[in-house]
Amino acid sequence: MRLALVGFLLATAALVSASVAPADSPKANELGRIMILEYHKIDYPEERWTRTPENFRRDLETLHARGYRLQSLNSLVEGRITVPAGTTPVVLTFDDSSAGQFRYLERNGAPEIDPKSGVGVLEAFIRENPDFGRAATFFVLPGAKPPNNLFNQPALEGRKLRWLVEHGYELGNHTLWHANLGKYDEATVRAQLAEAQVWVQRHVPQYRLRTLALPHGVYPRDVTWALSGTAKGTTYRHEAILMVAGGAAPSPFARSFDPVRLPRIQAVERDLRHWLSHFDRTPGDRYISDGNPDTLTIPANKRDRLRTDLPTNQQIIEY
Ligand SMILES: [Zn+2]
């Protein structure tokens, strides 16, 4: 049985390296780490919290060329990695719902997505490279002051949220108006989280915010306040809490995976370059999918790194 599996894997690896996988690391390793990239403004000029549309496009080109494919955050948290065999999942997140992330322009009386906005750049790239996949999570601020109030076009904000959800993107909680959760009492923390969901549901009924990105990366005094509860007549539940830094995230199947403390990588030139070359130099640290969400393919010598409480019933294949 074991021999048959090995033979099968070798055949798969050979097949994969011929088509999509990076030649130097064709073998699946579903205990490798995953980058959750964190964007803020997509705008001009390039600075600490701003990526230009051109540089954002270049990031997508680089990721695609190096064998990364878009992975939904909610699926990652569920332990359902959906990218093709031989490729590496990467998660895109956008914080603060600033105007340049998603802008409509008026063309012949009808709103059209600005090709220079984050969503415009991403959609154009996906159209040209459909094998890249389509996923990103927008951590929006429904009650913030302009220009962070749901992308700063009030008449179109509902249309934007619905468009995102209908096109396979995810919305996440970032509090109502970017409250520093470490500064407030329990009632205020819970109200900030519940109200963000209420505001989003006004535009997208029933939509549940399943993940929370902490404003300023600050946890409330008691983390359970952020995980689930009821306030303002609504119930919220976050399956993962994302930090603002911390590097690449552990595999969702690794013992070290902690959904309450998911690290991210800020998508700025220096950090991106650092992590891309890290994974080039240390391919064994990089998550490589086996292409089948129902199986978990891992090097036998890393078995002790597996979670004992796997989130799903995957069949484990060692090599
Ligand atoms: Zn923020």
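Hi everyone, let's start with glycine 120, which sits in helix H4, residues 118–128. Before I go on, please keep in mind that this is a predicted model. Glycine 120 counts as buried, because its relative accessibility is 9%.

Now to the metal. Which residues coordinate the zinc ion? They are Asp96 through OD, His174 through NE2 and His178 through NE2, at 2.1 Å. If you like to read patterns along the chain, the spacing of these donors is D-x77-H-x3-H. Aspartate 96 is in the loop between strand E5 (88–95) and strand E6 (104–107), while histidine 178 is in the loop between strand E9 (170–173) and helix H6 (186–203), so this pair ties together parts that lie 82 residues apart in sequence. Is aspartate 96 buried or exposed? It counts as buried, because its relative accessibility is 16%. Histidine 178, at 22%, counts as partly exposed.

Please look at the loop between E5 and E6 again, as serine 97 is there too. Serine 97 has a positive phi, near 40°, and it is a residue other than glycine. With 0% relative accessibility, serine 97 counts as buried. Asparagine 108 also has a positive phi without being a glycine, about 50°. You'll find asparagine 108 in the loop between E6 and strand E7 (110–113), and it is exposed, with a relative accessible area of 84%.

On to the aromatic residues. A search of the whole structure turns up 13 aromatic pairs. In one of them, phenylalanine 138 and phenylalanine 151, the ring centres are 6.1 Å apart and the planes are at 80°, so the pair is edge-to-face. This pair links distant parts of the chain, 13 residues apart: phenylalanine 138 is in strand E8 (residues 137–140), and phenylalanine 151 is in the loop between E8 and helix H5 (157–166). Phenylalanine 138 counts as buried at 2% relative accessibility, and phenylalanine 151 counts as buried at 0%. Another edge-to-face pair is tryptophan 177 with tyrosine 184, at 6.4 Å centre to centre and 80° between the planes. Tryptophan 177 is partly exposed, at 39%, and tyrosine 184 counts as partly exposed at 25%. There is also an aromatic cluster, with Phe138 and Phe151 among its members, along with Tyr39, Phe56 and Trp163.

Phe56 brings us to helix H2, where it is one of the buried residues. H2 covers residues 53–65, and its 13 residues reach 18 Å from first C-alpha to last, close to the 18 Å expected. After H2 comes glycine 67, with a positive phi near 90°.

Arginine 286, in the loop between helix H8 (269–281) and strand E15 (295–298), is buried yet has no salt bridge. The nearest side chain of opposite charge is aspartate 280, 4.3 Å away. What lies 2.6 Å from a polar atom of the arginine 286 side chain? It is the backbone oxygen of arginine 66.

Last, the cis peptide bonds. One joins tyrosine 44 and proline 45, with omega about -15°, and another joins proline 146 and proline 147, with omega about 5°. Proline 45 is in the loop between strands E2 (41–42) and E3 (50–51), and proline 147 is in the loop between E8 and H5.

Conventions:
Residues numbered from 1 in each chain as written. Predicted model: local features only at pLDDT ≥ 70, side-chain atom pairs only at ≥ 80, totals over all residues. Heavy atoms only, no water. Donors = N, O, S within 2.8 Å, 3.2 Å for Na, K, Ca; no water. Helix = DSSP H or I, 4+ residues; strand = E, 2+ residues; numbered from the N terminus. Buried < 20%, exposed > 50% of the residue type's maximum accessible area, 1.4 Å probe, protein only. Lys, Arg positive; Asp, Glu negative; His and termini not counted. Salt bridge = Lys/Arg side-chain N within 4 Å of Asp/Glu carboxyl O. Polar contact = N/O pair within 3.5 Å; in protein donor to acceptor, adjacent residues only side chain to side chain. Expected span 1.5 Å × (residues − 1). Phe/Tyr/Trp six-rings, centres within 6.5 Å; stacked < 30°, edge-to-face > 60°.
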